[in-house]
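Visitor: Could you take me through this protein chain slowly, one question at a time?

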Amino acid sequence: MFKLSCYVDDDLDESTSNENKHQIVKAEELINRNRLVNLPFTELIIGDTSLKLFHEFPNIHNSDLIPGTYEGGFKLWECTLDLLEYLRNNTIFCEEKSVLDLGCGTGLLGIFTLISGARNVDFQDFNKEVLLNTTMYNVLLNSNESLEVCKYYSGDWESFSVFNEDTYDLILTSETIYNVNNYTKLINLFEKKLKLSGSILLIAKNYYFGVGGSITEFLNCLKSSKLNADVVWTSTEGVKKTLLNIHF
């Protein structure tokens with residue numbers, strides 16, 4: 001089981017229901033130039049693994065989510081904890097794998113795979129400031145000895161698909177299907193970035209009130225692709241959530 005006392009996850013703000021009509025933010029590779037100093041952190045326990053979560057960086061946007069401007073990366077979203085628990089019980093997904101933490105935010109999913117034996121991890125988030133001020137610090141706190149096998153990319157998924165030529169054994173993504181307008185570019189990225197023998201673990205709430213995204217709608221869009229999806233976990237209490245294993 002996981003334990004965390006400092007974060008409470010609310011659902012998405014209904015004010016974020018506007019369609020994402022913003023211009024594509026070009027992808028960019030960032031360098032982690034931060035240094036390990038006395039960073040304030042919260043301890044998150046996943047089974048017998050301790051993860052350090054850098055104290056929340058001030059969110060200048062005053063909202064959990066502004067589509068096309070700020071995609072929620074400073075917040076630790078509820079589904080991330082569930083996927084961490086699943087990975088704890090299924091470390092075979094991580095061992096000696098090349099991993100993409102897509103829409104990484106805090107980066108805890110990718111960090112957990114590093115601790116569990118991943119060969120290398122790329123962290124991608126829409127917002128550069130999230131990577132610089134949260135993700136990179138969390139990597140330093142948890143996997144300082146693995147910095148040379150980590151890369152960081154900001155920008156839009158469509159641009160990232162072109163900018164980055166790598167493919168991955170495992171793609172992890174949590175709560176990234178809230179905006180139906182992004183489904184096509186997300187699925188295109190999956191098809192381009194996933195190795196033929198690889199897996200995508202996608203976790204999300206079954207429905208995002210106020211923004212319209214849902215597991216059902218995403219699966220309907222997925223049918224027109226080359227990919228298949230299996231439901232590997234569903235929540236039994238509270239908010240309904242689903243974990244998919246997507247593969248060729």
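The questions below concern a predicted model, and they go from its sheet to single residues.

Visitor: Which strands are the edge strands of the open sheet?

Guide: The open sheet is formed by 8 strands with mixed pairing, in the order β2-β7-β6-β5-β8-β9-β11-β10. A strand at the edge pairs on one side only, and this holds for β2 (28–30) and β10 (228–234).

Visitor: Is Ile200 buried or exposed?

Guide: Ile200 is found in strand β9, and, leaving aside its neighbours within four places in sequence, its contacts include Ile171, Phe190 and Ile246. Because its relative accessible area is 0% and buried means under 20%, Ile200 counts as buried.

Visitor: At about what angle does α5 run to β9?

Guide: Helix α5 (residues 183–193) has several buried residues, among them Leu186, Leu189 and Phe190, and what covers its buried residues includes β8 (168–174) and β9 (194–205). The helix lies across β5, β8, β9 and β11, and to β9 it runs at about 150°.

Visitor: Is Thr106 buried or exposed?

Guide: Thr106 is found in the loop between β5 and α2 (108–115), and, leaving aside its neighbours within four places in sequence, it is in contact with residues including Leu53, Lys75 and Asn138. Since its relative accessibility is 6%, and the cut-off is under 20%, Thr106 counts as buried.

Notes. Residues are numbered from 1 along each chain as its sequence is written. This is a predicted model: local features need pLDDT of at least 70, side-chain atom pairs count only at pLDDT 80 or more; totals for chains, interfaces and linings use all residues. Side-chain values use heavy atoms; hydrogens and water are left out. Buried means under 20% relative accessible area, exposed over 50%, partly exposed in between (1.4 Å probe, protein chains only). Helices (H or I, at least four residues) and strands (E, at least two) are DSSP runs, numbered from the N terminus. Contact means heavy atoms within 4.5 Å. Two strands pair if DSSP finds at least two bridges between them. Axes are lines fitted to C-alpha atoms, for helices over the stretch in contact, and angles run from 0 to 180 degrees between N-to-C directions.
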